[in-house]
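Hi everyone, thanks for coming. Today I'd like to walk you through one structure, a piece at a time.

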Amino acid sequence: MKKAIKTSTLLKIIIILYLFIILFPFLWVSLTSFRPESDIWSSNALNLKGMRFTDDNYAKLFKTTIFNSLKNSLIISSITTVYVTLIASLAAYSIARLKFKFKKLLTVVILATSMFPQMIVVGPIYRIFVNLGWTNSYYISLPYSMLTLPVAVFILITHFSQIPREMEESAIMDGSSKINTFFKIILPLAAPGIFTSAIMTFIGAWNEFLLSLTLNTDEMWRTATVSISFLRGQFEIFWGQVTAATVIVTIPTLIIVILFQKQIVSGITSGALKE
Amino acid sequence: MAEIKLKDLTKVYGNGFKAVKSINLDIKDQEFMVLVGPSGCGKSTVLRMIAGLEEITSGELYIGGELMNDVDPRDRNIAMVFQNYALYPHMSVYENMAFGLKLQKVDKNEIKQRIHDAAKALDIETQLEKKPKLLSGGQRQRVALGRAIVRKPRVFLMDEPLSNLDAKLRVQMRAELIRLHDELKTTFVYVTHDQTEAMTMGTRICVLKDGEIKQVASPAQIYNKPDNLFVAGFIGSPQMNFYRGNLIKEGDTYFLLGENGVHGKFKFPVEKVAAQMLNPYLDKQIILGARPEHMILTQGEGLRAEVMVTELLGSEIHIHAYVQNEIHTVKIEAPTSIKAGDIITLLPESNHIHLFDPDSELSIV
C-alpha cells in the first residue's frame, strides 16, 4: 500500500517535470512577447520579479501583414481539411472494405509517402508549380495532402473497419445505393474518426512551413508561420514581434485542442482495443 | 407470388473453398423454409446468395419466376433480418424503420401509417423515438423485424435472428415469428443452427451439411423418417441412439446382433420392416437408430449399460448411460430410483426404429 503511494507520487513528479519541459518554451515565448525589445537580450531577461510589461510588440505586430497571413493560413488549412478528409474517407473506406488487387501494396505506398523527407520533394513540387503558374495561390493546399492525407487515411481505416459489415448490408437490402449508404450510414458511424482526422489535418496544415515558404513567396500570399520568419530588419530579428506572433498563431490550435480533446483522444485510441 | 427456386446453386470462395455445392431447392410461396445445419454447412451462404449479398459462382436463382443472378440486392424487394440486428445506431427507431421506405419514395403519411401498424403489432409503439442503444435485446430484435415488415417485401430472409436473445425470450419470439408468418402470408427463409427452432417454426426444413442438402421435408417427416444418418442424428434432442451390428434372422423374426464389450453380445428385435428391404442385409452390418423416447428399460434381454448421469427436466428424466465410451440416452417419466453407477438394460421399441446402410449412410426403410 505504502509502496503504491510512493510510486504514484514519483509518477506525479515525473509528469509535472515532463509537462514543465514541454510547456517551458511556450511559456517563455509568451512572457517574452510582453517584454520591451530592449529587455529580451539584456541581463534583465532572467529577472521575472522585476519584469516590465508592455503591449508594444503586439501593437507593432498588428501593423504588419500578420492578419492577412492568418487569413491565408485559415483559408488554406480549411481547404486542405475539407478535401483531405473527403478523399481520405473515400480512400480509407475502399481499403477497409472493398476487395481489390494490390491493396496491401497501395496501403504501404500511402504510408511511405508520409515518410519522404519534405526537403526531397520540395524541389520538384516547386518546378511543377512554377510551370503551372500555381505559385502564390491557394493551390498550395494540394501538396499539403502529402503531409496530412496518409495520417488521415490511417486513422479512418481503423474506424471504418470497426463498423459492422451487416450495417451496410442491411442498408443495401433496404434499397440504399452504395454511395447513399456511405454518406447516410457509414460516415455518421465513423464520425469520431472523421472528426479526429479533420482536426489533425487542420493542425498539420496550419503549422506547415517549408512548402509555404517555397511556393507562396509573395508577401500577400504568405501563411502565418512564414510571416513570423519574416519579422526581421536588415541587421536584426524583431524578437518581441516574433514571440507575439507565435502566441497569436498558436491560439487557434490551442482552442481546437482544448475544445475537442475528448474527441481527439477517443478518436486516436479507438480501434486499438476490441470492444 | 414469391416462390424461390435454386437451381444447381454453387458458391466457391476466392480461396477455392466450396461453401455450397450445386444445391437444388424449391421454396414455395408463403412457405416458412428453415435452413438448418451445423456451422460451416453453407446455410448462411445460401441465404446471402438469395439476398444478393454474395455473388453466385454458378447455377441459377429465381424469385417469383424471374432470374435474379445479376439483379442488385436493392432491386430484389427482399428484407433481411441479421443476427446482430444491424440497426442504425445514429437513427431513432422510427428513422430506422423509415429508412427503406424513404428510399422507395413512399408517401410520408403512408410511411407513418405503416410504421405505427408494425410498431403496434410488435409492441414497440412507445419506443419509436428512442435510439437503439436504449433498447433491450428483445426490443432491438423487434425493431429489426419491424424494419423488415414495413417494407412489405415479397421475401423475408432471417439469419439466426434469435441467437443473441436469452433462452426465455427466444421461446417467446419463436411463437411471435410463427404468428407473424401467418399474418403476413409472405415467404420466409430462416437460417439457424438450432434444431429446436427448425422443428417448431418451419413449414419445411432443409438440412444442410458440407454445402449439400441432406433432406428437405416437413418437421414431422424429418423427425419420423430421416433420409440418412446425418439428419437422424442432427434433428432431435437429445440425439438419436445408434447401434451397429449384424442383421440376423431367427425363424420369422429379424434381429440386430451387436457386440457389447464385457457384457458380451446384445440382440435387438427388428419389426415392421418389410422383409424384401432387409433380406439384402442379412448377415451383414447395419446401423439401427432409436430416439431416446423410443428406448425402454427392460429386465429381460437387451443392451447392458452403466448410468453416468441422470438429468431431471421436470416431468421427464434423461438417463445418460455409457457403453464402451458411447453415450446412450433414454427418456423416461419422472420419478425414478435409477442413479449414477446403476447397471440398466436398454431396448429400443422395435416398431420405432430406424435402419441405415453403414456404407451409404442412407435410410433402409
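**Helices, a sheet and an interface**

Let's begin in chain A, where helix 7 and helix 10 pass each other in a right-handed crossing. Please keep in mind that this is a predicted model. Helix 7 covers residues 141-162 and helix 10 covers residues 191-207, and their axes come within 9 Å of each other, crossing at roughly 165°. That angle makes helix 7 of chain A roughly antiparallel to helix 10 of chain A.

Who makes the contact? From helix 7 of chain A, the residues include Tyr144(A), Leu147(A) and His159(A), and from helix 10 of chain A they include Gly193(A), Ile194(A) and Met200(A). Sorted by class, the residues where helix 7 of chain A meets helix 10 of chain A are 9 nonpolar, 7 polar and no charged.

Helix 7 of chain A has another partner: helix 5 of chain A, residues 103-113, packs against it at an angle of about 135°, with the axes 8 Å apart. Helix 5 and helix 7 of chain A are therefore oblique to each other. Their crossing is left-handed. Here Ile110(A), Leu111(A) and Thr113(A) of helix 5 meet Met146(A), Pro150(A) and Val153(A) of helix 7. That contact between helix 5 and helix 7 of chain A divides into 5 nonpolar, 1 polar and no charged residues.

Now over to chain B. Its mean pLDDT is 91, and 99% of its residues reach 70 or more. In chain B you can find an open sheet of 5 strands, in the order 15-19-16-17-18, with antiparallel pairing. Which strands stand at the edges? They are strand 15 (295-297) and strand 18 (326-333) of chain B, each with a single partner strand, so one side of each has no neighbour in the sheet. From one strand to the next, the twist averages 45°.

Let's zoom in on one pair. Strand 16 (residues 303-312) and strand 17 (residues 316-323) of chain B run antiparallel and are joined by 6 bridges. As an example, Val309(B) has His320(B), in strand 17 of chain B, as its bridge partner.

Finally, how do the chains meet? In chain B, 17 residues are in contact with 13 residues of chain A. Strand 6 (78-81) and helix 2 (93-103) of chain B each supply at least two residues of the side that touches chain A. That side of chain B has 12 nonpolar, 4 polar and 1 charged residues. For the complex, the predictor gives an ipTM of 0.82 and a pTM of 0.80.

Definitions and conventions. Residues are numbered from 1 along each chain as its sequence is written. Chains are lettered from A and ligands numbered from 1 in the order in which they are written. This is a predicted model: local features need pLDDT of at least 70, side-chain atom pairs count only at pLDDT 80 or more; totals for chains, interfaces and linings use all residues. Axes are lines fitted to C-alpha atoms, for helices over the stretch in contact, and angles run from 0 to 180 degrees between N-to-C directions. Helices (H or I, at least four residues) and strands (E, at least two) are DSSP runs, numbered from the N terminus. Angles under 35 degrees count as roughly parallel, over 145 as roughly antiparallel, 65 to 115 as roughly perpendicular and the rest as oblique. A crossing is left-handed if the near helix is turned anticlockwise from the far one by less than a right angle, and right-handed if clockwise. Two residues are in contact if their C-beta atoms, placed from the backbone, lie within 7 Å. Ala, Val, Leu, Ile, Met, Phe, Trp, Tyr, Cys and Pro count as nonpolar, Asp, Glu, Lys and Arg as charged, and the others, Gly among them, as polar. pLDDT is the predictor's confidence in each residue, from 0 to 100. Two strands pair if DSSP finds at least two bridges between them.
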